[in-house]
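Here is my note on the model. Please read the points with the structure open.

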Amino acid sequence: MNTPIVQLLVLAGIAIFLILRLRSVLGTRDGFEKPHAPAPTRSDTPRHEFEVIEGGPDRDITDHVPENSPAAEALALMKRAEPSFNVGEFLGGARGAYEMILMGFDNGQIEDLRDLLAPEVYESFETVIEQRRQQGLTIEATFVGVREMALVDATFDEGERLAEITVKYVGELTQVVKNANGEIIEGSASAVKKQKDVWTYARKMGVDDPNWQLVATDE
């Protein structure tokens with residue numbers, strides 16, 4: 001056997017030996033493997049530990065007024081005086097009360113609303129309704145809905161346990177004013193108009209009577 005062939009066989013044997021040696025050390029890889037995560041390194045940067053505060057802000061309050069505002073503090077005092085009080089439920093009731101009171105006033109039928117109106121407000125509504133009757137005017141109104149509604153203020157007198165909450169409404173309704181002959185002198189039965197109102201409700205917390213009363217109206 002000549003020398004070049006012998007050298008070639010020796011080199012091939014060495015190559016095969018090296019391949020087998022490498023496979024025994026590295027193993028085999030099929031497809032993509034997840035790279036090993038580097039070992040954690042020590043850092044001199046201080047870690048910030050966050051303290052877990054039990055409870056946190058009352059979302060029933062902060063969903064409606066800014067946190068730590070005077071209104072928020074008043075609502076918190078109301079809840080302390082009457083734990084069952086819920087701001088969201090109050091606003092739901094105030095939405096329904098707005099429709100009932102507004103339509104009762106426009107249509108001249110407020111007798112069934114005494115529980116929802118403070119005596120002064122009831123008397124002022126009754127006076128306006130009587131003036132319309134004397135002038136031969138009637139209003140035909142249809143409530144469409146509440147377009148906007150927001151709690152804008154709240155106060156609480158701890159001594160009297162008297163709570164007051166002010167709500168802003170933007171209502172939509174149709175309204176027609178007719179004279180004694182039934183002729184339309186104002187409004188339209190088909191045109192929906194917006195009406196803005198700011199109403200304040202009051203109630204003594206912790207008593208058996210659950211009714212809030214309308215104590216002031218403004219536009």
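1. First, a term: buried means under 20% relative accessible area, exposed means over 50%, and partly exposed lies in between (1.4 Å probe, protein chains only). The model is predicted: local features need pLDDT of at least 70, side-chain atom pairs count only at pLDDT 80 or more, and totals for chains, interfaces and linings use all residues. Residues are numbered from 1 along each chain as its sequence is written, and side-chain values use heavy atoms, with hydrogens and water left out.

2. The overall layout comes next. The protein has five helices and four strands. Helices (H or I, at least four residues) and strands (E, at least two) are DSSP runs, numbered from the N terminus. The order from that end is α-α-α-α-α-β-β-β-β. Of the 219 residues, 31% count as buried.

3. Look at the salt bridges. A salt bridge is a side-chain nitrogen of Lys or Arg within 4 Å of a carboxyl oxygen of Asp or Glu. The count comes to seven salt bridges. One of them joins Asp60 to Lys79, at 2.7 Å from N to O. Asp60 sits in helix H2 (residues 59-62) and Lys79 in helix H3 (residues 70-81), 19 residues apart. Both Asp60 and Lys79 are buried.

4. Glu82 deserves a stop. Its side chain meets that of Arg203 in a salt bridge (3.0 Å, N to O). Glu82 is in the loop between H3 and H4 and Arg203 is in strand E3, so the pair ties together parts 121 residues apart in sequence. Glu82 is buried at 13% relative accessible area. Arg203 is buried at 7%. Val207 and Glu82 are 8.8 Å apart, C-alpha to C-alpha, and 125 residues apart in sequence. Val207 belongs to the loop between strand E3 (184-204) and strand E4 (213-218). At 36% relative accessibility, Val207 is partly exposed.

5. Now the hairpin. Strands E1 (residues 138-157) and E2 (residues 162-178) run antiparallel, joined by 17 bridges. Two strands pair if DSSP finds at least two bridges between them. Four residues separate E1 and E2, and Arg161 in the turn has a positive phi of about 60 degrees. Met149 stands opposite Tyr169 in E2. A salt bridge also links Glu140 and Lys178, with the closest N and O atoms 3.2 Å apart. Glu140 lies in E1 and Lys178 in E2, so this pair ties together parts 38 residues apart in sequence. Glu140 is partly exposed, at 43% relative accessibility.
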